[in-house]
Amino acid sequence: MVAIKKLELAVGVFVALGLVAFFMLAMKVSNIAELGEDKGYKVTARFESIGGLKIRAPVSLAGVRIGRVANIGLDTQTYEAVVTLSIDPQYDRLPTDSSASILTSGLLGEQYVGLEPGGMDTYLKNGSTLKLTQSALVLEKLIARMITGAADSEGSSKKP
Amino acid sequence: MLESVRRLGRLALRFLQRLGKATLFLLGLLGALAALCKRPGLIVKQLYSLGVLSLPIIAMSGLFVGMVLGLQGYANLVDFGATSTLGTVVALSLVRELGPVLAALLYAARAGSALTAEIGLMKVTEQLACMQMMAVDPFARVFAPRFVAGFIAMPLLAGIFTAIGVLGGYFVAVKQLGVDSGAFWSQMQASVGLVDDVIKGVVIKSIAFGWVANWIAVFEGYDAIPTSEGISLATTRTVVNTALVVLALDFVLTAIFFGV
Amino acid sequence: MSAVTHSAAIPIPDAAPLITVRNLSFRRGSRIIFENVDLAIPRGKITAIMGPSGTGKTTLLRLIGGQIRPDAGRIDVDGACVHELGRRELYQLRKRMSMLFQSGALFTDLSVYDNVAFPLREHTRLPESFIRTLTLMKLEAVGLRGARHLMPSELSGGMARRAALARAIALDPMMIMYDEPFSGQDPITMGVLVKLIRTLNDALGLTSIIVSHDVKETASIADYIYLISDGSVVDHGTPQALEHSRSGWVEQFLHALPDGPMSFHYPAPTYAHDLALAEGPALA
């Protein structure tokens, strides 16, 4: 009977280890918070182009993550991208004239929405819209601009 | 020409015949589940030999795979200055693919082959026939407990493999290569989803793999030709077939869950 | 009892046999194992079924146990036709039948004690203390009470068979089928087993069927013997009656003579022809 007790103990430890592993995968590796209902307040921003921005991409201010991209849609009237940001409720003192821009972490990293605080005394609340936005830098356009810029500057034979 | 077409037909027929036999066997297994519920002790015993004894190889392999991912990821990301996304790279590869797949392959080699050999040997030594003559159903007493225990063990092993792999990657990235610890975890958390990656990756995949790996292992033992050569063939078939089926199934599941 | 070659009539040595086999035919692929076999196993006696290797004696036991189905004919055990029973009834019947396999077939992952306790634990809801008592009684009967903690791999062949015998009688069955109980045993072990089979049969009021080709040992304990060759019953009778059989085959088998009706050679064309020595057609 001693052998059976030992066996049961080992199996118990094994099952516990497995559960701990899943607990770690849930809490430490992934973000379980996103599973819960979204408590943040919604702010929309319109962009000419969002590049490769995806739903759930972080929204950050001064490098601190303060929310997530909740939804991405297209306004069929203006052909602009409508991005809904979900800002965590504790960051409730963001000036209404803050600007949003789509940035890239690193050269090839993920795209995220960066907020730049303005100076107004009124604060963003649920349903507000960000007026000032800056679209994503599209690499192809950037390169194209550099090439045409280089062609222009050739005439003046001056190099920057 | 005609001969080779005929051979192809014969192969196909034999495959279908075996598949039918395996399906009937599976039905037998499922039919024995009710009887098994009264005897949880049988499952515990098999959980020991299939799960606990597979733990060392799973843990060691997970650690090394995670460490290799950390090194390779770093070597590739450092040129772009994107080493802070190393956590994401390590975790996503493990959670979505490597964790469940490698755990299933290791399980087939470590536990599946042993399962086949054990059942095959029980057949050779007349233990199964003897059990039947004692009015004990081998499905309820031998096959089903092993199948169920393996089915339970597989997701646990895959979870352990993945978690240890992430820790291995952390160790190499943060402790050895100097990636920022906060960035490692926060980047990981930012891009690994609980449902989208952990559940759809490790959990569902390992459940599916556990199903086929144990089905194949127990069936091959049951179907083994009762000679020493027959058993060696059956064990080989277990490992080879499990590997093929797991990889093919992984492709299908990846296409469903992560395909664009 | 007179020796009849190729019994056509149904031989019934006793009034109410436990097992009757009628017109049994069984084939494996195209190979005929049994053709029109009739047998009757009397209650409370030891009946031996003997014949050369490869005559399907083990197959006969499996047919009686309902593990395989005959192609024709019927087998009745204690009034029930084995292959017509449903699964549940068959399992009920098997609890009262027991079989000692040639290898012993002990469960290698269980100790001797657990092996003997196995049928009790599977089929009864007795408390563990009861099971312990019963198990020790059965082990005592085969003289292995002291070996109860050993694993099957630690047993000699004879001990393994005795342990298996203790397991076979654990549920107090009405009958035991012995599959080659003596093969590969040393003379002392054989003697022990012979005595054990006889004692258990008489003490427990069992019906025993022994399948064997060990003539001397089997004949010494059997009450009745069936001789099987080439898929049919060649002769049957008490050991004494068979001893005086005038059939050349019976004499050859019982006295282990190399020459007789049964040829040493597997059927073949003549030797000279095979070696290409003879001219002309040598094959009949």
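Of the 260 residues in chain B, 52% count as buried. Bear in mind that this is a predicted model. Chain B has ten helices and zero strands, so in sequence order the pattern is simply α-α-α-α-α-α-α-α-α-α. The C-alpha trace of chain B spans about 65 × 55 × 30 Å along its principal axes. Taking the contacts in chain B with a separation of 6 or more, 83% are between residues 24 or more positions apart.

Now the interface with chain A. The buried area between chain B and chain A is about 2600 Å², and carbon and sulfur atoms give 79% of that. Three residues, B:Leu156, B:Gln189 and B:Leu194, supply 23% of the area chain B buries against chain A, more than any other three residues.

The rule finds zero salt bridges between chain B and chain A. The count of residue pairs in polar contact, with both at pLDDT 80 or more, is one.

For orientation, the UniProt record, an unreviewed entry, annotates residues 19-255 of chain C as "domain: ABC transporter". Over residues 19-255, chain C is 39% helix and 26% strand, with the end C-alpha atoms 29 Å apart.

Here 17 residues of chain B are in contact with 25 residues of chain C. The area buried between chain B and chain C is about 1900 Å², of which carbon and sulfur atoms give 56%. Within chain B, the residues that lose the most area to chain C are B:Glu126, B:Met133 and B:Met134, together 35% of what that side buries.

Helix H6 (127-133) and H7 of chain B each supply at least two residues of the side that touches chain C. H6(B) gives the most, with six residues. The residues on this side of chain B divide into eight nonpolar, three polar and six charged.

Two of the bridges to chain C can be shown individually. In one, B:Arg141 pairs with C:Glu122, with the closest N and O atoms 2.6 Å apart. In the other, the side chains of B:Lys45 and C:Asp109 meet at 3.8 Å, N to O. B:Lys45 lies in helix H3 of chain B and C:Asp109 in the loop between strand E6 (97-100) and helix H3 (112-123) of chain C, so this pair joins two chains. B:Lys45 is partly exposed, at 32% relative accessible area, and C:Asp109 also counts as partly exposed, at 36%.

As background, side chains of opposite charge can pair when their charged atoms come close. Over all chains, a search of the whole structure finds 27 salt bridges.

Take B:Asp223 and B:Lys21, whose side chains meet in a salt bridge at 2.7 Å, N to O. B:Asp223 is in helix H9 of chain B and B:Lys21 in helix H1 (residues 2-31), 202 residues apart, and the pair links distant parts of the chain. B:Asp223 is buried, with a relative accessible area of 14%, whereas B:Lys21 is partly exposed at 42%. Both residues also belong to a network of salt bridges that links B:Arg18, B:Lys21, B:Glu220, B:Asp223 and B:Arg237.

The last pair is B:Asp197 with B:Arg96, a salt bridge of 2.7 Å, N to O. B:Asp197 lies in helix H9 of chain B and B:Arg96 in helix H5, so the pair ties together parts that are 101 residues apart in sequence. Is B:Asp197 buried or exposed? B:Asp197 is buried, with a relative accessible area of 1%, while B:Arg96 counts as partly exposed at 29%.

Definitions and conventions: Residues numbered from 1 in each chain as written. Chains lettered and ligands numbered in written order. Predicted model: local features only at pLDDT ≥ 70, side-chain atom pairs only at ≥ 80, totals over all residues. Heavy atoms only, no water. Buried area = accessible area lost by both parts, 1.4 Å probe. Salt bridge = Lys/Arg side-chain N within 4 Å of Asp/Glu carboxyl O. Polar contact = N/O pair within 3.5 Å; in protein donor to acceptor, adjacent residues only side chain to side chain. Contact = heavy atoms within 4.5 Å. Helix = DSSP H or I, 4+ residues; strand = E, 2+ residues; numbered from the N terminus. Nonpolar A, V, L, I, M, F, W, Y, C, P; charged D, E, K, R; others polar. UniProt positions renumbered as here; feature names shortened; annotations may be inferred. Buried < 20%, exposed > 50% of the residue type's maximum accessible area, 1.4 Å probe, protein only.
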